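Visitor: Could you walk me through this one and tell me what the terms rest on?

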Amino acid sequence: MNSYTTTGIEGLDFILSGGFPVGSSILLDGAPGTGKTILGMQFLYNGAINNIESGIYITFEEFPDQIYKELTTFGWDLKQLEKENKLRVICMSPEVLLEQMKQPNGLFEQIIKELNCKRVVIDSLNLLHFGIEDQVEKRKAVYTLRNILRKYSLTSLLIHEQTSIIREEIPFVSYVVDGVIKLSLQDHQTIYRKRTLEVLKMRGCKIKEGEHIYRITNEGIHLVPALSMFEDTVVTENQTNISTGISSLDRLLLGGIPSGTAFILDTNSKANYKYFVASIITSRIKSGEKVVLILSNLMNLLELEHIYHLYGVDLEKVVKQEKIYFIEHYDRPIPEAYESAVIKVNQMGNEEYKQTIREKVDAIVLRGAERGEKWFVFHDLNTIVSQRGKDFVKTYFTEEVAFITSAGASLLALSNFTEIGAETASFLERTCNGVFQTWVDGNYQYFQLKKSPQGNMSQPLLVENIQSNPFIRLI
Ligand SMILES: Nc1ncnc2c1ncn2[C@@H]1O[C@H](COP(=O)(O)OP(=O)(O)OP(=O)(O)O)[C@@H](O)[C@H]1O
Ligand SMILES: [Mg+2]
């Protein structure tokens with residue numbers, strides 16, 4: 001199946017990548033009052049009113065007048081659509097329906113032909129089954145229904161009233177249908193109840209996963225897709241966006257990290273962030289930017305040399321070309337080849353440190369920028385916090401971000417938000433244009449774009465290690 005019929009329910013079409021697959025039978029499962037009837041009728045109404053497709057609503061319980069009355073608040077003129085033969089609301093008993101479906105050219109087929117009907121809602125599957133004790137007979141009823149829906153290529157919603165008692169029915173029906181949509185109503189923060197819609201299955205259709213919140217408004221169901229803004233965008237690399245070296249991450253960023261912005265990478269202690277940072281920095285170096293880097297206690301220059309080598313960067317050569325500088329907070333040996341590029345700050349108090357960075361780093365960045373160079377600064381905030389304290393980091397980092405970005409350079413800072421505490425973390429988060437987060441939960445590592453200059457976020461993605469450059473893939 002590759003063509004879709006639009007439901008006209010905006011958020012729903014979006015999470016289904018266009019609408020329901022044409023000719024599919026979809027189970028609409030939900031507790032009483034979740035909005036199944038509204039959603040079903042909205043699907044038929046939108047098809048009819050826009051002259052897309054006509055539809056039939058079959059109810060076993062309520063009379064058409066009752067349904068019209070319940071749905072008057074939405075302003076849908078269902079009676080008029082019935083007159084125009086675009087909609088039909090039919091109340092009949094399940095026995096009669098099944099009987100008519102089995103007969104060639106029975107009542108059901110006649111109405112389908114009369115309306116040239118393409119959409120059907122059955123309210124409800126439970127009632128279709130009601131009174132049938134035998135499991136085999138129940139299945140036969142479902143197959144009878146499915147066969148006729150298939151014969152006329154009808155796109156159908158089969159409403160299923162979720163009950164805790166008849167649980168065993170659901171698995172069977174779920175296999176037979178092409179799609180399953182579940183509506184739920186949950187208590188949320190004690191003061192209000194949250195309505196959510198989740199697509200559990202949709203054959204031949206790329207869906208946006210997760211529980212999406214919907215509201216019942218005076219226009220009907222209004223669904224707001226969760227974290228929906230990132231997919232399906234074309235990667236457009238230009239001078240202002242720089243690749244992170246990780247294509248899936250570039251897509252999240254709608255092309256890459258924009259020049260002149262500041263990002264923070266929040267990691268927990270178990271997460272392996274090394275490859276993210278190395279991939280981003282080496283991509284900067286390869287694109288011709290000059291780099292200033294605060295060395296962390298976990299990685300010395302030789303380790304850095306090794307990991308950059310994996311990404312095709314010869315660090316010694318970059319040092320010789322005077323394209324990289326290192327800030328060293330620890331008293332540890334410096335390989336000879338790197339000596340000229342290292343700024344040692346391990347003996348310095350905070351004021352002297354600030355002064356040194358101003359003179360030796362900020363000044364070079366500014367002069368470089370004036371000559372048209374691009375600079376990139378990497379901060380290890382964990383190192384600064386452990387060596388210089390939380391209070392220092394707040395003022396220092398804010399000033400640094402302001403200076404660096406105003407000079408047109410970009411910045412990435414590594415931080416552990418849990419360790420520095422919520423208050424400082426949210427302060428730092430506000431200071432930056434973008435926030436990445438990576439963390440370990442159980443046996444998996446996750447990655448999420450939580451804030452970006454373009455205003456988009458991502459879902460939590462799985463981090464998979466791969467054997468070749470860039471050694472990470474986001475799934
Ligand atoms: N105009 C409206 N604005 C907001 N909410 C509404 C409006 N009209 C109806 N509702 C809500 O919609 C719910 C009923 O929706 P609907 O009849 O589609 O549910 P249902 O899942 O079909 O229920 P049942 O299983 O009882 O048939 C009501 O409980 C009410 O809370
Ligand atoms: Mg109902």
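Guide: Let's begin with a term: a polar contact is a pair of N or O atoms within 3.5 Å; within protein, one must be able to donate a hydrogen and the other to accept it, and residues adjacent in sequence count only if both atoms are side-chain atoms. Mind that this is a predicted model, where local features need pLDDT of at least 70 and side-chain atom pairs count only at pLDDT 80 or more, while totals for chains, interfaces and linings use all residues. Residues are numbered from 1 along each chain, chains are lettered from A and ligands numbered from 1 as written, and side-chain values use heavy atoms, without hydrogens and water.

Visitor: What makes the pair of Glu61 and Thr59 a polar contact?

Guide: The backbone nitrogen of Glu61 is 3.1 Å from a polar atom of the Thr59 side chain, and the cut-off is 3.5 Å.

Visitor: Why is Thr59 called buried?

Guide: Its relative accessible area is 1%, and buried means under 20% (exposed is over 50%, partly exposed in between; 1.4 Å probe, protein chains only), so Thr59 counts as buried.

Visitor: Which residues does Thr59 touch beyond its neighbours within four places in sequence?

Guide: Ile67, Val89, Ile90, Cys91, Met92 and Asp123; contact means heavy atoms within 4.5 Å.

Visitor: How do you know that β14 and β20 pair?

Guide: Pairing takes at least two bridges found by DSSP, and β14 (residues 262–267) and β20 (residues 434–441) have 5, in the parallel sense. Strands are DSSP runs (E, at least two residues). Thr267 has Thr438 in β20 as its bridge partner.

Methods
Helix = DSSP H or I, 4+ residues; strand = E, 2+ residues; numbered from the N terminus.
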